[in-house]
Amino acid sequence: MGAKLNVPLPSKGLVVDRPAEYVDQRGAVNIKNMEVTRSVVQKRVGTAALGSSLAERVQRIFELQVGSSTRCFRVGLTKVEVLNKSTDTWASVAYAALTGTAEDQVSYAFPLLSGEKIVCYTNGIDAIRKCSISGNDSLLGGSPPKARYLQAFGAYLVLAHVIDSGNNYYSRVQWCDTGFPETWSGGNAGSQDLLEDPEDITGLGVFGNFLTIHKSNSIYVGQLVSTSDVFRFDRKATGVGAVAGATIQNIPSGEQIFLASDGIHLFNGITAPLIESPIQDELREEMNPAYLYKSQSVFVEELDEYWVCVPSGSDTEPQTVYKYNWRTKQVYKDYRASLTAMAIFLNTQEDTWADRTGAWDSDTTRWSSVANLSLNPRIMFGTSAGVTSERTSSSNNDDGVAVESVWDTKDFTAEDFGVPDIDRMMRWTGLELWAKGNSMTVYYSTDSGASWTLATALTLSSSDYPTDDAPLNSYFDVVSSKIRFRFYNTIASESFTLKKYQIEAKLREARK
(Lines give C-alpha, C1' and ligand atoms only; values in the text may rest on other atoms or scores of the structure.)
Protein backbone atom coordinates (compact mmCIF):
# COMPACT_ATOMS: atom_id res chain seq x y z
CA MET A 1 0.00 0.00 0.00
CA GLY A 2 1.29 3.47 -0.88
CA ALA A 3 2.01 6.21 1.66
CA LYS A 4 2.68 9.95 1.56
CA LEU A 5 5.16 11.88 3.67
CA ASN A 6 4.33 15.58 4.02
CA VAL A 7 7.30 17.97 4.33
CA PRO A 8 5.96 21.50 4.97
CA LEU A 9 8.20 24.57 5.02
CA PRO A 10 11.50 22.79 4.23
CA SER A 11 13.62 25.60 5.64
CA LYS A 12 15.61 24.12 8.54
CA GLY A 13 18.91 25.07 6.93
CA LEU A 14 22.17 23.30 6.20
CA VAL A 15 23.03 20.16 8.20
CA VAL A 16 26.36 18.51 7.48
CA ASP A 17 27.41 17.09 10.84
CA ARG A 18 25.82 13.64 10.40
CA PRO A 19 24.93 11.09 7.69
CA ALA A 20 22.19 12.42 5.44
CA GLU A 21 19.61 9.82 6.50
CA TYR A 22 19.71 11.20 10.06
CA VAL A 23 19.00 14.81 9.12
CA ASP A 24 15.72 16.54 10.02
CA GLN A 25 13.11 16.13 7.27
CA ARG A 26 12.98 19.91 6.77
CA GLY A 27 16.76 20.30 6.63
CA ALA A 28 19.15 20.20 3.68
CA VAL A 29 22.51 18.51 3.15
CA ASN A 30 23.58 20.93 0.42
CA ILE A 31 22.47 24.51 -0.23
CA LYS A 32 23.64 26.94 -2.85
CA ASN A 33 22.24 30.41 -3.47
CA MET A 34 18.95 29.94 -1.66
CA GLU A 35 17.37 32.19 0.97
CA VAL A 36 14.50 31.98 3.44
CA THR A 37 11.71 34.54 3.64
CA ARG A 38 8.95 33.96 6.20
CA SER A 39 10.08 30.34 6.58
CA VAL A 40 9.73 29.68 2.83
CA VAL A 41 12.79 28.77 0.75
CA GLN A 42 13.43 30.47 -2.55
CA LYS A 43 16.17 31.17 -5.05
CA ARG A 44 18.06 34.17 -3.73
CA VAL A 45 17.82 37.57 -5.37
CA GLY A 46 20.64 38.80 -7.55
CA THR A 47 22.92 41.79 -7.86
CA ALA A 48 23.19 44.76 -10.20
CA ALA A 49 26.44 46.50 -11.05
CA LEU A 50 26.97 49.95 -9.54
CA GLY A 51 28.79 52.09 -12.06
CA SER A 52 31.97 51.18 -13.88
CA SER A 53 34.69 48.86 -12.69
CA LEU A 54 37.50 50.08 -10.45
CA ALA A 55 39.80 48.23 -12.89
CA GLU A 56 41.66 46.75 -9.94
CA ARG A 57 40.88 44.67 -6.89
CA VAL A 58 38.30 46.17 -4.48
CA GLN A 59 39.88 45.82 -1.04
CA ARG A 60 37.17 47.38 1.14
CA ILE A 61 33.87 49.26 0.92
CA PHE A 62 32.50 51.55 3.64
CA GLU A 63 30.10 54.45 4.07
CA LEU A 64 30.42 57.68 6.03
CA GLN A 65 27.12 59.13 7.24
CA VAL A 66 26.83 62.60 8.78
CA GLY A 67 23.26 63.67 9.43
CA SER A 68 21.32 63.10 6.22
CA SER A 69 24.47 63.13 4.06
CA THR A 70 26.28 59.96 3.06
CA ARG A 71 29.41 59.05 1.12
CA CYS A 72 30.13 55.50 0.04
CA PHE A 73 33.81 54.70 -0.61
CA ARG A 74 35.57 51.85 -2.33
CA VAL A 75 39.28 51.35 -1.76
CA GLY A 76 41.40 49.42 -4.24
CA LEU A 77 45.07 48.57 -4.36
CA THR A 78 46.01 52.04 -5.61
CA LYS A 79 42.72 53.96 -5.92
CA VAL A 80 40.03 55.43 -3.67
CA GLU A 81 36.67 56.38 -5.18
CA VAL A 82 33.33 57.68 -3.92
CA LEU A 83 29.89 56.80 -5.29
CA ASN A 84 27.47 59.35 -6.72
CA LYS A 85 24.25 57.58 -5.77
CA SER A 86 21.99 59.63 -8.02
CA THR A 87 23.93 58.67 -11.15
CA ASP A 88 25.57 55.38 -10.06
CA THR A 89 28.99 56.70 -11.03
CA TRP A 90 32.31 56.66 -9.20
CA ALA A 91 34.80 59.51 -8.87
CA SER A 92 38.30 59.58 -7.43
CA VAL A 93 38.84 61.27 -4.05
CA ALA A 94 42.45 60.24 -3.42
CA TYR A 95 45.23 62.79 -3.52
CA ALA A 96 47.88 60.12 -4.12
CA ALA A 97 48.00 56.47 -5.05
CA LEU A 98 48.07 53.72 -2.45
CA THR A 99 50.89 51.19 -2.60
CA GLY A 100 49.46 48.09 -0.91
CA THR A 101 48.98 44.61 -2.34
CA ALA A 102 46.17 42.08 -2.18
CA GLU A 103 47.62 40.82 1.11
CA ASP A 104 47.27 44.24 2.77
CA GLN A 105 43.74 44.39 4.10
CA VAL A 106 42.04 47.77 4.60
CA SER A 107 40.70 48.91 7.96
CA TYR A 108 38.59 52.01 8.64
CA ALA A 109 37.04 53.99 11.50
CA PHE A 110 34.76 57.00 12.02
CA PRO A 111 36.30 59.32 14.65
CA LEU A 112 35.29 62.92 15.38
CA LEU A 113 37.58 65.69 14.16
CA SER A 114 36.70 69.20 15.38
CA GLY A 115 33.26 67.89 16.30
CA GLU A 116 32.53 66.41 12.85
CA LYS A 117 32.55 62.73 12.02
CA ILE A 118 35.13 61.79 9.41
CA VAL A 119 36.40 58.49 8.05
CA CYS A 120 39.99 57.33 8.54
CA TYR A 121 41.36 54.34 6.68
CA THR A 122 44.59 52.42 6.29
CA ASN A 123 46.08 49.44 4.50
CA GLY A 124 48.89 49.04 7.03
CA ILE A 125 51.44 50.04 4.40
CA ASP A 126 50.69 53.69 3.61
CA ALA A 127 50.16 56.48 6.13
CA ILE A 128 46.67 56.73 7.65
CA ARG A 129 44.34 58.89 5.58
CA LYS A 130 41.19 60.82 6.33
CA CYS A 131 38.20 62.09 4.39
CA SER A 132 35.25 64.27 5.37
CA ILE A 133 31.64 64.20 4.22
CA SER A 134 32.74 66.52 1.38
CA GLY A 135 36.04 67.03 -0.39
CA ASN A 136 39.04 64.88 -1.20
CA ASP A 137 41.09 62.84 1.22
CA SER A 138 44.40 63.76 2.82
CA LEU A 139 46.86 62.42 5.34
CA LEU A 140 45.69 62.25 8.94
CA GLY A 141 47.56 64.99 10.79
CA GLY A 142 49.82 64.64 13.81
CA SER A 143 52.12 62.07 12.15
CA PRO A 144 50.48 58.99 13.68
CA PRO A 145 52.26 55.66 13.19
CA LYS A 146 51.03 53.25 10.57
CA ALA A 147 48.72 50.47 11.74
CA ARG A 148 46.89 47.40 10.49
CA TYR A 149 43.63 48.16 12.33
CA LEU A 150 41.63 51.27 13.27
CA GLN A 151 38.66 51.73 15.60
CA ALA A 152 36.82 54.81 16.86
CA PHE A 153 36.03 54.37 20.57
CA GLY A 154 34.50 57.21 22.55
CA ALA A 155 36.65 60.29 22.10
CA TYR A 156 39.59 58.29 20.79
CA LEU A 157 40.92 56.93 17.53
CA VAL A 158 42.56 53.62 18.42
CA LEU A 159 45.26 51.91 16.38
CA ALA A 160 46.35 48.28 16.70
CA HIS A 161 49.20 46.19 15.27
CA VAL A 162 51.30 49.33 15.00
CA ILE A 163 54.12 49.95 12.54
CA ASP A 164 56.32 52.78 13.84
CA SER A 165 59.61 53.91 12.24
CA GLY A 166 59.72 50.67 10.30
CA ASN A 167 59.30 48.48 13.38
CA ASN A 168 56.32 46.15 13.79
CA TYR A 169 54.66 46.14 17.20
CA TYR A 170 52.28 43.23 16.65
CA SER A 171 50.69 43.46 20.10
CA ARG A 172 50.55 47.24 20.49
CA VAL A 173 47.40 49.31 20.95
CA GLN A 174 47.84 53.08 20.58
CA TRP A 175 45.40 55.98 20.93
CA CYS A 176 45.25 59.71 20.26
CA ASP A 177 44.72 62.53 22.75
CA THR A 178 41.15 62.85 24.00
CA GLY A 179 38.99 64.22 21.19
CA PHE A 180 41.98 64.98 18.94
CA PRO A 181 42.67 62.24 16.37
CA GLU A 182 45.48 64.39 14.95
CA THR A 183 47.38 64.60 18.25
CA TRP A 184 49.52 61.56 19.03
CA SER A 185 51.86 62.76 21.76
CA GLY A 186 51.20 64.52 25.03
CA GLY A 187 47.86 64.91 26.78
CA ASN A 188 46.05 61.57 27.07
CA ALA A 189 47.69 60.05 23.99
CA GLY A 190 49.39 56.77 24.79
CA SER A 191 49.94 53.12 24.00
CA GLN A 192 50.13 49.69 25.59
CA ASP A 193 51.63 46.41 24.48
CA LEU A 194 49.36 43.44 25.16
CA LEU A 195 51.98 40.82 25.94
CA GLU A 196 50.14 38.28 28.07
CA ASP A 197 50.25 36.04 25.01
CA PRO A 198 52.63 36.29 22.04
CA GLU A 199 50.17 36.29 19.12
CA ASP A 200 49.61 39.19 16.72
CA ILE A 201 46.54 41.37 17.01
CA THR A 202 44.09 40.30 14.29
CA GLY A 203 41.24 42.79 14.64
CA LEU A 204 39.40 45.46 16.64
CA GLY A 205 35.76 45.86 17.56
CA VAL A 206 33.38 47.69 19.89
CA PHE A 207 31.37 45.59 22.33
CA GLY A 208 28.90 47.71 24.29
CA ASN A 209 31.00 50.04 26.46
CA PHE A 210 34.16 48.09 25.74
CA LEU A 211 36.81 47.88 23.05
CA THR A 212 37.68 44.35 21.91
CA ILE A 213 41.14 43.42 20.66
CA HIS A 214 41.31 40.02 19.00
CA LYS A 215 44.25 37.67 18.87
CA SER A 216 44.23 34.11 17.54
CA ASN A 217 43.87 32.58 21.02
CA SER A 218 42.34 35.31 23.15
CA ILE A 219 40.27 38.47 23.22
CA TYR A 220 41.28 41.54 25.24
CA VAL A 221 38.56 43.81 26.59
CA GLY A 222 39.49 47.46 26.96
CA GLN A 223 37.66 50.12 28.93
CA LEU A 224 38.26 53.77 29.66
CA VAL A 225 39.44 54.63 33.16
CA SER A 226 39.69 57.93 35.01
CA THR A 227 43.38 57.55 35.78
CA SER A 228 46.38 58.57 33.70
CA ASP A 229 46.36 55.07 32.17
CA VAL A 230 43.34 56.14 30.05
CA PHE A 231 42.67 52.51 29.04
CA ARG A 232 42.66 49.30 31.04
CA PHE A 233 42.85 45.98 29.18
CA ASP A 234 41.75 42.60 30.53
CA ARG A 235 42.62 39.37 28.74
CA LYS A 236 39.79 36.88 28.29
CA ALA A 237 41.00 33.30 27.90
CA THR A 238 38.54 32.46 25.12
CA GLY A 239 40.96 30.13 23.33
CA VAL A 240 40.02 31.77 20.04
CA GLY A 241 39.81 35.15 18.36
CA ALA A 242 39.00 36.50 14.92
CA VAL A 243 41.19 35.36 12.03
CA ALA A 244 40.27 38.54 10.12
CA GLY A 245 39.22 41.89 11.51
CA ALA A 246 36.59 42.27 8.78
CA THR A 247 34.64 39.29 10.17
CA ILE A 248 33.87 40.96 13.53
CA GLN A 249 30.23 42.08 13.87
CA ASN A 250 27.80 42.81 16.71
CA ILE A 251 24.38 41.15 16.61
CA PRO A 252 21.11 42.04 18.43
CA SER A 253 21.53 39.20 20.95
CA GLY A 254 24.14 41.40 22.65
CA GLU A 255 27.02 39.23 21.43
CA GLN A 256 29.97 39.80 19.14
CA ILE A 257 30.22 37.29 16.31
CA PHE A 258 33.40 36.49 14.39
CA LEU A 259 35.17 33.88 12.30
CA ALA A 260 37.93 31.91 14.04
CA SER A 261 40.19 29.22 12.61
CA ASP A 262 37.72 26.50 13.65
CA GLY A 263 34.38 28.13 12.77
CA ILE A 264 32.00 30.91 13.77
CA HIS A 265 32.06 32.01 17.43
CA LEU A 266 29.99 34.26 19.69
CA PHE A 267 31.75 36.42 22.30
CA ASN A 268 29.63 37.27 25.32
CA GLY A 269 32.21 39.33 27.17
CA ILE A 270 33.75 36.36 28.97
CA THR A 271 33.69 33.26 26.77
CA ALA A 272 33.42 32.70 23.02
CA PRO A 273 31.73 29.37 22.22
CA LEU A 274 31.00 28.12 18.72
CA ILE A 275 27.57 28.94 17.37
CA GLU A 276 25.03 26.17 17.82
CA SER A 277 24.89 25.03 14.22
CA PRO A 278 25.62 21.75 12.41
CA ILE A 279 27.98 23.36 9.88
CA GLN A 280 31.07 23.79 12.05
CA ASP A 281 32.71 20.57 10.87
CA GLU A 282 32.42 21.71 7.26
CA LEU A 283 33.92 25.10 8.07
CA ARG A 284 36.78 23.57 10.01
CA GLU A 285 37.57 21.04 7.30
CA GLU A 286 37.12 23.19 4.19
CA MET A 287 38.35 26.70 5.01
CA ASN A 288 41.72 27.51 3.42
CA PRO A 289 43.82 28.63 6.41
CA ALA A 290 46.42 30.40 4.28
CA TYR A 291 43.87 32.94 3.03
CA LEU A 292 41.44 33.32 5.94
CA TYR A 293 42.78 36.83 6.56
CA LYS A 294 40.88 37.91 3.43
CA SER A 295 37.49 36.87 4.87
CA GLN A 296 34.71 39.47 4.90
CA SER A 297 31.38 39.88 6.70
CA VAL A 298 28.23 41.98 7.10
CA PHE A 299 25.24 41.80 9.40
CA VAL A 300 22.01 41.92 7.36
CA GLU A 301 19.44 43.39 9.74
CA GLU A 302 16.39 42.79 7.55
CA LEU A 303 17.16 39.05 7.41
CA ASP A 304 18.55 38.67 10.97
CA GLU A 305 21.63 37.13 9.33
CA TYR A 306 25.38 37.33 9.77
CA TRP A 307 27.08 36.75 6.43
CA VAL A 308 30.72 35.68 6.40
CA CYS A 309 32.56 34.98 3.17
CA VAL A 310 35.52 32.58 3.39
CA PRO A 311 38.00 30.94 1.02
CA SER A 312 37.23 27.22 0.83
CA GLY A 313 39.34 24.33 -0.42
CA SER A 314 41.92 25.62 -2.88
CA ASP A 315 40.24 29.03 -3.19
CA THR A 316 42.61 31.95 -2.70
CA GLU A 317 39.72 34.42 -2.57
CA PRO A 318 36.68 34.29 -0.27
CA GLN A 319 33.88 32.92 -2.46
CA THR A 320 31.69 30.85 -0.11
CA VAL A 321 29.21 32.84 1.99
CA TYR A 322 27.80 31.23 5.15
CA LYS A 323 24.62 32.98 6.31
CA TYR A 324 23.83 32.47 10.01
CA ASN A 325 20.38 33.52 11.26
CA TRP A 326 20.87 34.47 14.90
CA ARG A 327 17.16 34.01 15.71
CA THR A 328 16.56 30.57 14.17
CA LYS A 329 20.19 29.37 14.50
CA GLN A 330 19.97 28.06 10.92
CA VAL A 331 22.74 28.41 8.33
CA TYR A 332 22.43 28.77 4.56
CA LYS A 333 25.14 29.05 1.95
CA ASP A 334 25.82 31.16 -1.15
CA TYR A 335 28.53 31.21 -3.75
CA ARG A 336 29.86 34.54 -5.04
CA ALA A 337 32.81 34.43 -7.41
CA SER A 338 35.99 36.32 -6.47
CA LEU A 339 34.33 38.30 -3.69
CA THR A 340 36.81 40.56 -1.89
CA ALA A 341 34.61 43.08 -0.06
CA MET A 342 31.14 43.31 1.51
CA ALA A 343 29.47 46.30 3.14
CA ILE A 344 26.14 47.89 4.02
CA PHE A 345 25.32 51.20 2.35
CA LEU A 346 22.29 53.45 2.54
CA ASN A 347 20.16 53.36 -0.58
CA THR A 348 18.92 56.85 -1.48
CA GLN A 349 17.16 56.00 -4.75
CA GLU A 350 13.72 54.42 -4.52
CA ASP A 351 13.02 51.68 -7.09
CA THR A 352 10.80 52.60 -10.01
CA TRP A 353 8.61 50.39 -12.21
CA ALA A 354 11.29 50.45 -14.89
CA ASP A 355 13.93 49.02 -12.53
CA ARG A 356 12.37 45.55 -12.77
CA THR A 357 14.37 43.59 -15.31
CA GLY A 358 12.09 40.57 -15.69
CA ALA A 359 8.45 40.16 -16.64
CA TRP A 360 6.08 41.57 -14.03
CA ASP A 361 3.94 38.43 -13.92
CA SER A 362 7.02 36.34 -13.05
CA ASP A 363 8.30 38.61 -10.26
CA THR A 364 7.92 36.81 -6.92
CA THR A 365 9.12 39.68 -4.70
CA ARG A 366 7.01 42.27 -2.87
CA TRP A 367 6.72 45.62 -4.60
CA SER A 368 6.00 47.29 -1.25
CA SER A 369 9.04 45.70 0.40
CA VAL A 370 11.26 48.07 2.36
CA ALA A 371 14.17 46.63 0.37
CA ASN A 372 12.98 48.71 -2.62
CA LEU A 373 12.55 51.98 -0.76
CA SER A 374 14.80 54.97 -0.28
CA LEU A 375 16.92 55.11 2.92
CA ASN A 376 16.95 51.33 3.19
CA PRO A 377 20.33 49.72 3.92
CA ARG A 378 21.55 47.52 1.09
CA ILE A 379 24.41 45.09 0.68
CA MET A 380 27.27 46.01 -1.61
CA PHE A 381 29.86 43.59 -2.99
CA GLY A 382 33.30 44.11 -4.48
CA THR A 383 35.35 41.63 -6.49
CA SER A 384 38.97 40.99 -7.38
CA ALA A 385 38.20 42.22 -10.90
CA GLY A 386 37.09 45.63 -9.59
CA VAL A 387 33.33 45.17 -10.10
CA THR A 388 31.08 46.72 -7.45
CA SER A 389 27.47 45.53 -7.19
CA GLU A 390 24.44 45.89 -4.96
CA ARG A 391 21.99 43.24 -3.84
CA THR A 392 18.62 44.00 -5.42
CA SER A 393 15.25 42.28 -5.51
CA SER A 394 14.73 43.62 -9.03
CA SER A 395 17.05 40.97 -10.48
CA ASN A 396 17.57 37.22 -10.21
CA ASN A 397 20.97 37.41 -11.93
CA ASP A 398 24.39 38.39 -10.60
CA ASP A 399 25.42 41.32 -12.80
CA GLY A 400 23.63 39.75 -15.75
CA VAL A 401 24.92 36.20 -15.13
CA ALA A 402 22.44 33.48 -14.16
CA VAL A 403 22.47 32.40 -10.51
CA GLU A 404 22.71 28.65 -9.89
CA SER A 405 20.44 27.69 -6.99
CA VAL A 406 20.40 24.26 -5.32
CA TRP A 407 18.47 22.73 -2.43
CA ASP A 408 19.36 19.10 -1.64
CA THR A 409 17.16 17.31 0.88
CA LYS A 410 18.16 14.66 3.38
CA ASP A 411 18.22 10.97 2.46
CA PHE A 412 14.69 9.74 3.12
CA THR A 413 14.29 6.14 4.31
CA ALA A 414 11.56 3.81 5.59
CA GLU A 415 12.05 5.30 9.05
CA ASP A 416 10.64 8.61 7.78
CA PHE A 417 7.45 6.68 7.01
CA GLY A 418 7.24 5.25 10.51
CA VAL A 419 8.90 1.90 9.79
CA PRO A 420 11.67 1.19 12.35
CA ASP A 421 14.04 -0.29 9.77
CA ILE A 422 16.35 2.19 8.09
CA ASP A 423 17.52 -0.43 5.58
CA ARG A 424 14.03 -1.41 4.43
CA MET A 425 13.65 -1.27 0.66
CA MET A 426 11.14 1.29 -0.66
CA ARG A 427 9.53 1.88 -4.02
CA TRP A 428 9.67 5.63 -4.58
CA THR A 429 6.99 6.73 -7.05
CA GLY A 430 6.77 10.50 -7.05
CA LEU A 431 6.52 13.93 -5.47
CA GLU A 432 3.66 16.36 -5.04
CA LEU A 433 4.93 19.93 -4.87
CA TRP A 434 3.62 23.37 -3.99
CA ALA A 435 5.91 25.88 -5.65
CA LYS A 436 5.66 29.10 -7.64
CA GLY A 437 7.88 31.33 -9.75
CA ASN A 438 9.23 30.55 -13.21
CA SER A 439 10.56 27.01 -13.33
CA MET A 440 12.17 24.36 -11.16
CA THR A 441 13.96 21.14 -12.09
CA VAL A 442 13.65 18.12 -9.80
CA TYR A 443 16.35 15.46 -9.56
CA TYR A 444 16.70 12.41 -7.32
CA SER A 445 19.65 10.40 -6.05
CA THR A 446 19.70 6.92 -4.52
CA ASP A 447 23.45 6.85 -3.82
CA SER A 448 23.80 9.74 -1.32
CA GLY A 449 24.30 12.37 -4.00
CA ALA A 450 27.08 10.63 -5.93
CA SER A 451 24.91 10.69 -9.07
CA TRP A 452 21.62 12.36 -9.98
CA THR A 453 18.72 11.40 -12.24
CA LEU A 454 16.39 13.95 -13.81
CA ALA A 455 12.84 13.48 -12.56
CA THR A 456 10.89 16.46 -13.91
CA ALA A 457 11.35 19.97 -15.29
CA LEU A 458 8.41 21.95 -13.92
CA THR A 459 6.89 25.13 -15.29
CA LEU A 460 5.55 27.13 -12.36
CA SER A 461 2.77 29.63 -11.92
CA SER A 462 4.13 33.09 -11.25
CA SER A 463 1.09 34.32 -9.36
CA ASP A 464 0.48 31.76 -6.60
CA TYR A 465 1.04 28.26 -5.29
CA PRO A 466 -1.10 25.39 -6.61
CA THR A 467 -4.25 24.71 -4.61
CA ASP A 468 -4.13 22.02 -1.93
CA ASP A 469 -5.96 19.50 -4.12
CA ALA A 470 -4.09 20.24 -7.36
CA PRO A 471 -0.35 20.12 -6.65
CA LEU A 472 2.42 19.92 -9.19
CA ASN A 473 3.58 16.36 -9.81
CA SER A 474 6.93 14.74 -10.42
CA TYR A 475 6.71 11.05 -11.35
CA PHE A 476 9.43 8.42 -11.25
CA ASP A 477 9.69 4.77 -10.22
CA VAL A 478 12.78 3.52 -8.42
CA VAL A 479 13.46 0.92 -5.72
CA SER A 480 16.12 1.63 -3.10
CA SER A 481 16.57 1.90 0.64
CA LYS A 482 17.02 5.69 0.48
CA ILE A 483 16.44 8.69 -1.76
CA ARG A 484 17.20 12.39 -1.71
CA PHE A 485 15.86 15.18 -3.91
CA ARG A 486 17.38 18.25 -5.54
CA PHE A 487 15.34 21.35 -6.36
CA TYR A 488 17.29 23.32 -8.93
CA ASN A 489 17.28 26.39 -11.15
CA THR A 490 20.13 27.93 -13.11
CA ILE A 491 18.19 29.88 -15.74
CA ALA A 492 18.84 33.60 -16.19
CA SER A 493 16.19 35.96 -14.81
CA GLU A 494 14.25 33.10 -13.24
CA SER A 495 13.32 32.24 -9.68
CA PHE A 496 11.30 29.71 -7.70
CA THR A 497 9.78 29.46 -4.23
CA LEU A 498 9.04 26.13 -2.54
CA LYS A 499 6.42 25.94 0.23
CA LYS A 500 6.10 22.19 0.76
CA TYR A 501 6.29 18.79 -0.91
CA GLN A 502 4.96 15.27 -0.33
CA ILE A 503 6.86 12.07 -1.07
CA GLU A 504 4.94 9.10 -2.43
CA ALA A 505 6.35 5.66 -1.72
CA LYS A 506 5.49 2.00 -1.05
CA LEU A 507 7.09 -0.46 1.34
CA ARG A 508 9.06 -3.28 -0.25
CA GLU A 509 10.90 -6.26 1.18
CA ALA A 510 13.47 -6.02 3.91
CA ARG A 511 17.09 -6.02 2.76
CA LYS A 512 18.67 -9.48 2.99
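Student: Leaving aside its neighbours within four places in sequence, with which residues is Ser 480 in contact?

Tutor: In this predicted model, Ser 480 belongs to strand β40, which covers residues 472-480. Once the neighbours within four places in sequence are set aside, the residues in contact with Ser 480 are Arg 424, Met 425, Met 426, Trp 428 and Thr 446.

Student: Does Ser 480 count as buried or exposed, and what is its relative accessibility?

Tutor: The cut-off for a buried residue is a relative accessible area under 20%. Ser 480 falls under that cut-off and therefore counts as buried, its relative accessibility being 9%.

Student: In what order do the five strands of the open sheet stand, and what is the average twist from one strand to the next?

Tutor: The five strands of this open sheet pair in the antiparallel sense, and their order is β2-β36-β41-β38-β39. The edges are taken by β2 (28-32) and β39 (453-459), and because each has a single partner strand, one side of each is left without a neighbour in the sheet. From one strand to the next, the twist averages 15°.

Student: Which residue in β36 stands opposite Lys 32, and which residue in β41 stands opposite Asp 408?

Tutor: The pairing of β2 with β36 is antiparallel and runs over four bridges, and there Lys 32 stands opposite Val 406. The pairing of β36 with β41 is likewise antiparallel over four bridges. In β41, the residue opposite Asp 408 is Arg 486.

Student: Why is strand β36 largely enclosed by the rest of the structure, and which of its residues point the other way from Ser 405, Trp 407 and Thr 409?

Tutor: Strand β36 (residues 405-409) has five of its five residues buried, so it is largely enclosed by the rest of the structure. In a regular strand, side chains alternate between the two faces of the sheet. In β36, Ser 405, Trp 407 and Thr 409 point one way, and the residues that point the other way are Val 406 and Asp 408.

Student: What is the bridge partner of Thr 441 in β41?

Tutor: Strand β38 (residues 439-445) and strand β41 (residues 484-489) run antiparallel and are joined by five bridges. Within this pairing, the partner of Thr 441 is Tyr 488.

Student: Where does Thr 238 lie, and to which residue does the backbone oxygen 2.6 Å from its side chain belong?

Tutor: Thr 238 is placed in the loop between β23 (231-236) and β24 (249-251), and with 15% relative accessibility it counts as buried. Its contacts beyond four places in sequence include Asn 217, Phe 267 and Ala 272. A polar atom of the Thr 238 side chain lies 2.6 Å from the backbone oxygen of Val 240.

Student: How many residues has the largest nonpolar core, and which have the most contacts inside it?

Tutor: The largest nonpolar core has 54 residues, and those with the most contacts inside it are Trp 428, Leu 433 and Phe 487. A second, separate core has 29 residues, among them Leu 140, Leu 211, Ile 213 and Phe 231. For the largest core, then, the count is 54 residues, with Trp 428, Leu 433 and Phe 487 having the most contacts.

Notes: Residues numbered from 1 in each chain as written. Predicted model: local features only at pLDDT ≥ 70, side-chain atom pairs only at ≥ 80, totals over all residues. Heavy atoms only, no water. Helix = DSSP H or I, 4+ residues; strand = E, 2+ residues; numbered from the N terminus. Buried < 20%, exposed > 50% of the residue type's maximum accessible area, 1.4 Å probe, protein only. Polar contact = N/O pair within 3.5 Å; in protein donor to acceptor, adjacent residues only side chain to side chain. Contact = heavy atoms within 4.5 Å. Core = buried A, V, L, I, M, F, W, Y, C linked by side-chain atoms within 4.5 Å. Pairing = 2+ DSSP bridges. Axes fitted to C-alpha atoms, helices over the stretch in contact; angles between N-to-C directions.
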